[in-house]
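Please work through the following exercises with the model at hand. Each task is followed by a solution in steps.

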Amino acid sequence: MLGKLTVIILALGLLAMPVQAADAKTIYLTFDDGPLFGTANILKVLDAEKVPATLFMVGLHVEASAEHKALMEQAKGMDLITVGNHSYTHANNHYKRFYSSTREVVDDLEKATGVLGLTAPVHARLPGRDVFRLPNLSRDDFGIGKAEDGKERPDFNAVAAVGYEIYGWDHEWSHESTGKPIQSVEQLLTEIDAKFLANREVERGNLILLMHDEMFQDHFDGTANLTALIAGLKQRGYAFGHIADYDN
Ligand SMILES: [Zn+2]
């Protein structure tokens, strides 16, 4: 039997525990396909909000203009930002063809690493594929069939074998082909809450959120939307993680 005093002490102990300790939830903000229109707004908001994020960039987009290259350099100079490799060509948006040649996939990634000036460990996201590289397991795009999965798995393994850390995503802030965001910020926040509640994230308590730079252009209220998203996540008590700390 617990004495009254013991019960009081136990109760006080529970009160003193940090509320989030047992189930801290971390969001990893990731932005793909830059540098593009929208990238400058993303950097502006991240700098103001002081939260970590990863920008997975495309080599060809860096080379597109001096402004694009300057955006990459600006991102690389920001302490909380990780610049990651999202390939050189983005598979020219022909994914099945791209992943039919392991050599081509590896060479394309390596070329982007050179253009982006990255050094190991290089954090990478493969174009068009939701690939997680976990110990002894690559988990690929749920959207591709078993046969295609079988063909592409050697590519994913080859990229990991040459030292890339590969990341997929748990949830996407979707967009139309124009770049216009589909969900409102409120809808997106509700979806994130629901995903955590249902334990649908690949790594328990860690949610990688995929967004695309083009969604944050001025005419889509990019600055206001991203600011509102980060404020909403902060208000809910979510932490923001560096991709290097994700247990990949
Ligand atoms: Zn992409």
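The exercises below concern a metal site and aromatic contacts in a predicted model.

**Exercise 1.** Identify the residues that coordinate the zinc ion, and state whether His-86 and His-90 are buried or exposed.

*Solution.*
Step 1. The ligands of the zinc ion are Asp-33 (OD), His-86 (NE2) and His-90 (NE2), at 2.0 to 2.1 Å.
Step 2. Along the chain, these donors are spaced as D-x52-H-x3-H.
Step 3. Buried means under 20% relative accessible area. His-86 has a relative accessibility of 2% and therefore counts as buried; His-90, at 10%, is buried as well.

**Exercise 2.** Classify the aromatic pair of Phe-31 and Phe-216, and determine which parts of the chain the pair ties together.

*Solution.*
Step 1. The whole structure contains 9 aromatic pairs.
Step 2. In the pair of Phe-31 and Phe-216, the ring centres are 5.6 Å apart and the planes lie at 75°, so the geometry is edge-to-face.
Step 3. Phe-31 belongs to strand 1 (residues 26–34), whereas Phe-216 lies in the loop between strand 9 (206–212) and helix 9 (222–235); the pair therefore ties together parts 185 residues apart in sequence.
Step 4. Both Phe-31 and Phe-216 are buried.

**Exercise 3.** Carry out the analysis for Tyr-99 and Phe-156.

*Solution.*
Step 1. Tyr-99 and Phe-156 form an edge-to-face pair, with 5.8 Å from centre to centre and 75° between the planes.
Step 2. Tyr-99 is in the loop between helix 5 (95–98) and helix 6 (102–116), and Phe-156 is in helix 7 (residues 146–161), so the pair ties together parts 57 residues apart in sequence.
Step 3. Both Tyr-99 and Phe-156 are buried.

Methods:
Residues numbered from 1 in each chain as written. Predicted model: local features only at pLDDT ≥ 70, side-chain atom pairs only at ≥ 80, totals over all residues. Heavy atoms only, no water. Donors = N, O, S within 2.8 Å, 3.2 Å for Na, K, Ca; no water. Buried < 20%, exposed > 50% of the residue type's maximum accessible area, 1.4 Å probe, protein only. Phe/Tyr/Trp six-rings, centres within 6.5 Å; stacked < 30°, edge-to-face > 60°. Helix = DSSP H or I, 4+ residues; strand = E, 2+ residues; numbered from the N terminus.
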